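Have the view open and follow along.

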Amino acid sequence: MFRFLLVRIASAIPVLFVLSVVTFAIIQAPPGDYSDYIRSQMINQGGASFEEADAQAQAYRIANGLDKPLPVQYVNWVTGIVTRGDFGHSLFYNKPVAEVVGERLPRTLALALVCHILASVIGITFGILAATRQYSWVDSLLSGISFLGMTVPRFLMALIIVYIMVFHFNVTEINSFHSARYGGAPWSWDKFVDLVKHVWPVIAIATFGGLAYNMRVMRGNLLDTLNAQYVETARAKGLSERAVILRHAVPNALHPLVMYQGVVLPYMLTGEIETAIIFALPTVGPAIVGSMWVGDVYVTATFMLVLSATLIVGNIIADMLLAMLDPRVRLGGGAHA
């Protein structure tokens, strides 16, 4: 198992390298860079002439290496990451990219993990209830909830919640994690409750979309599993229906959902990103959109690289969980490795 894990990690390195190349190239593909943002700001807000603003913009490009060819910029960026752990300097925030990521990524991961845990637990539970009560009103109700979760856009749900909170409940602080009085206060139960009051819409929307997929997959897999021969054999041995479902059917029906964990973390991150943009929370989503808008390429590239890394890590974790759940997979993986 340990050797298999090392092989997977080693194979992930070239994949991550290719993803970094593709990401950097795509980000740089549109014309313009951060110097163009500086030029427009000087003209629109500073009252400078085009010639003065353009001269300042060109000087900025040269000083920050934006005038160099794309391959040179990429090599400098990757070399800094590999040799010094330096992801570059944010032109917009005027600080190291690592600080920008360090401020926003933990919050985003925490929200995404909470949403993922809730979506998995609730979705799997709903799937079991729907499958064991097929064609009943419970099955119809839960299937309707799943359909809404998979079809209603998350940004639309976020806009509806924002409208209700602002215009019906007069909520004014929706673009932060805490109220003003808790901004610099030490952690306490009251501060935690205040945090929940600010982030519950993001968690609710992302969880709603995630549980829909888990519920549908669990329902379909469990219905197939309940008709399998070994399940009928377990019933014939006199086991209770509850034991047959929980001990024999559910573990085998979980296999596709465990494999799905390989892509669920980036999926939950993007779900959080969509909602966080609407609520203007200081997480990864607004940072990615803002950096792309102004041409802060190193911030955008680093965040996209992090999202790519979460996809790779998620697949490795899914392989490990599947091997732990099913001994046949573990034996096959060990023989293969």
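Start at the loop that joins strand S1 (89-90) to strand S2 (95-96): that's where Asn-94 is found. Bear in mind that this is a predicted model.

**Loop residues with positive phi**

- Asn-94 isn't a glycine, yet its phi is positive, near 55°.
- Is Asn-94 buried or exposed? Its relative accessible area is 60%, so Asn-94 counts as exposed.
- Tyr-135 sits in a loop too, the one between H5 and helix H6 (137-151).
- Phi of Tyr-135 is near 70°, again a positive value in a residue other than glycine.
- With a relative accessible area of 70%, Tyr-135 is exposed.

**Where H5 meets H12**

- In general, a pair of packed helices is described by two things: the angle between their axes and the distance between those axes.
- Here, the axes of helix H5 (residues 97-132) and helix H12 (residues 284-294) cross at roughly 135° and come within 8 Å.
- Which residues make the contact? On the H5 side they are Arg-104, Leu-105 and Thr-108, and on the H12 side they are Val-284, Pro-286 and Ala-287.
- Sort the residues of this H5–H12 contact by type and you get four nonpolar, one polar and one charged.

**Two buried residues in helices**

- Look along helix H1 (residues 2-28) and you'll come to Thr-23.
- Thr-23 has a relative accessibility of 15%, and since the cut-off for buried is under 20%, Thr-23 counts as buried.
- What does Thr-23 touch, if you skip residues up to four places away in sequence? Its partners are Ala-301 and Met-304.
- Gln-73 belongs to helix H4 (residues 70-84).
- Gln-73 is buried as well, at a relative accessible area of 7%.
- Setting aside neighbours within four places in sequence, Gln-73 is in contact with Phe-24, Gln-28, Gly-65, Leu-66, Lys-68 and Tyr-298.

Note on methods. Residues numbered from 1 in each chain as written. Predicted model: local features only at pLDDT ≥ 70, side-chain atom pairs only at ≥ 80, totals over all residues. Heavy atoms only, no water. Axes fitted to C-alpha atoms, helices over the stretch in contact; angles between N-to-C directions. Helix = DSSP H or I, 4+ residues; strand = E, 2+ residues; numbered from the N terminus. Contact = heavy atoms within 4.5 Å. Nonpolar A, V, L, I, M, F, W, Y, C, P; charged D, E, K, R; others polar. Buried < 20%, exposed > 50% of the residue type's maximum accessible area, 1.4 Å probe, protein only.
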